[in-house]
Amino acid sequence: MASEQERLRQAARLQLMQSGIDPYPAAAFQRTHNTASLLAEADTLSPQQTVRLAGRLMERRIMGKASFAELQDAHGRIQLYLNRDDLGTAGDGVLYNEVFKKQLDFGDWIGVEGFLFTTQTGERSVHVRDLTVLAKTLRPLPVVKIDSEGHVHDGFTDPELRYRMRYVDLIVNPEVKTVFLKRSRMVQAMREFFLERGYLEVDTPVLQPIPGGATARPFITHHNALDVPLYLRIANELYLKRLIVGGFEGVFEFARDFRNEGMDRTHNPEFTILEIYVAFQDYRWMMEFTEQLIEHTARAVNGRTEVTLDNRTIELSAPFARVSMRNAILEHTSFDIHRKSEDEIRAFCVQESLEVGPEMGKGKLIDTLFGERCEKHYVQPTFITDYPIEMSPLCKRHRDDPDYTERFELMINGKELANAYSELNDPIDQRERFEEQLRLSQKGDDEAMFIDHDFLRALEFGMPPTAGMGIGIDRLAMLLTAQSSIQEVLFFPQMRPEALAVSSARSGFDGWALDPRWIGALTELYGSPEALRELKPTQVHQQLNGLRKKNKWDVPALLLDEVQAWFV
RNA sequence: GAUUCCGUAGCUCAGCUGGUAGAGCACGACACUUUUAAUGUUGGGGUCCUGGGUUCGAAUCCCAGCGGGAUCACCA
């Protein structure tokens, strides 16, 4: 059932139509300015120069024969001034009294023509001479008001409503739009950074027969024609490395990945990762590349390199600190993982009251130790380097110590932001690492990697030394826009499907004492009792009983007398 | 998945120890020609998330479910 305010708007829509005004006109509305460009050019306009703008009517302050209103477009707002006696060409005041005051509502799209002037209170405003309805709004928007001190009144703040109806959020909460503009600028700055260096932007499959390149639980789906299971990608790493084998010297992709895991403030089932692979480079080069990239991007988005988040100021200018994994754990736990066995590390984890299971290999144990005891300390950007070999199955062994790998993760604000390797390109070593993953999988680690035989075949054709790096785009967007939840940097974060009320209650047949199937058929065929009464009772009688026969309903056939009674 | 809090008008929220609902904004009507959270007068608007239970009586108490937030677990 529509609310009172919705019914009034529907009535206004009909009134517009009846007075010959199309509430949804087909014709383009030519604009001379938008709200921002008009204010910017205010001083260069000649007096009374005609300007045309379009946007949403956001607020009306009606005072008899004159009104003020706010027009909002993608660039901001401007105040409108409308006067009964000079609005419209007819001179009868209808456009003001009927259309503007009665048939238009808060939220409607309109186009205006007029000229810029300054009110007595000094606000630049458009004196409207003509008004065009561009689209009638049927639902009322939340009314968010901001007073002269900048306090927000009646804010539209419920996260559930904001995420489920992001369009409303974007209309009434301008700061939300800013976050997404910044996110877009961020991606653009990164793309430019890569393109300037000659790297190629590519697309690789989202539907993959083997979900590889990361440790994560995948979503599984099914391809009917091939009759095979397919997985939504959890990473694109193995495909990008195939392209390096193919001879490209630098490839990157902004990839949507899917991981079938929990959802919270920092996790969404689908998220975006930038991965980049550069031939002939190593992880040391990649560290410098990464810190320059972050600094460049922060400047492009915010014009400066420091960001304030959770009351902490983070400085993003290069260079960043570098700490090895071994030293990080040593510093925060006084435990040296160097040359320790799986059992020794597990024993230490137990001593530290960390939850560890028998299915966890050495890599996962160390990962737990770092995650629980060290990660949160790295607020300022820090590269954690040289991960133990067991937790890095796609990474090259360290040039100085084969127990470790040439890997770094970039920690900022206590969270992982980027992950990079000197990529493993020895096909035999890679095969053995995959087989170790298989053993972990058999031990019960449901995130261990599958063996991708085609990827191994590609490596057997030879991959040059390559540095690879991935950055969580959503996480970076959170950092650069100072948001503490991932839902705030995704337009449409995943939510439980909304139970929309089935609107059987709009037909007008509901009160009728009939089997629900008759009600459904009446609604389907005729829409409303009024429409039904346009027809002949005999026709309706036959149509409905025909439907009963066709669908083999076990209800008594309608009698003509019953049907005729509806027409009284 | 666990714990905990929340779900009342279009929006933001009150509603005490149980007596079937209120405010501000929004909306309708009237007044008002430079206002800006416009103003004044006045009026309408609600399956109190859903379903059970207790009770003479439930928005309120109890149980179950649905949805959301926060914290934790898994993870990026």
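Guide: A polar contact is a pair of N or O atoms within 3.5 Å; within protein, one must be able to donate a hydrogen and the other to accept it, and residues adjacent in sequence count only if both atoms are side-chain atoms. This is a predicted model, with local features needing pLDDT of at least 70, side-chain atom pairs pLDDT 80 or more, and totals for chains, interfaces and linings using all residues. Residues count from 1 along each chain as written, chains are lettered from A and ligands numbered from 1 in written order, and side-chain values use heavy atoms without hydrogens or water.

Visitor: How far is Glu-416 from a sugar or linking oxygen of RNA strand B?

Guide: The atom concerned is an N or O in the side chain of Glu-416. Its distance to a sugar or linking oxygen of RNA strand B is 3.4 Å.

Visitor: Which residue has a backbone N or O atom 2.7 Å from a base nitrogen of RNA strand B?

Guide: Arg-164 reaches a sugar or linking oxygen of RNA strand B with a polar side-chain atom, at 3.1 Å. The backbone atom 2.7 Å from a base nitrogen belongs to Asn-268.

Visitor: What is the bridge partner of Arg-52 in S4?

Guide: Five strands (DSSP E runs of at least two residues) close into a barrel, in the order S1-S2-S3-S5-S4 with mixed pairing (at least two DSSP bridges). S1 (residues 50–63) and S4 (residues 109–118) run antiparallel, joined by seven bridges. In S4, Arg-52 is bridged to Glu-113.

Conventions:
Helices (H or I, at least four residues) and strands (E, at least two) are DSSP runs, numbered from the N terminus.
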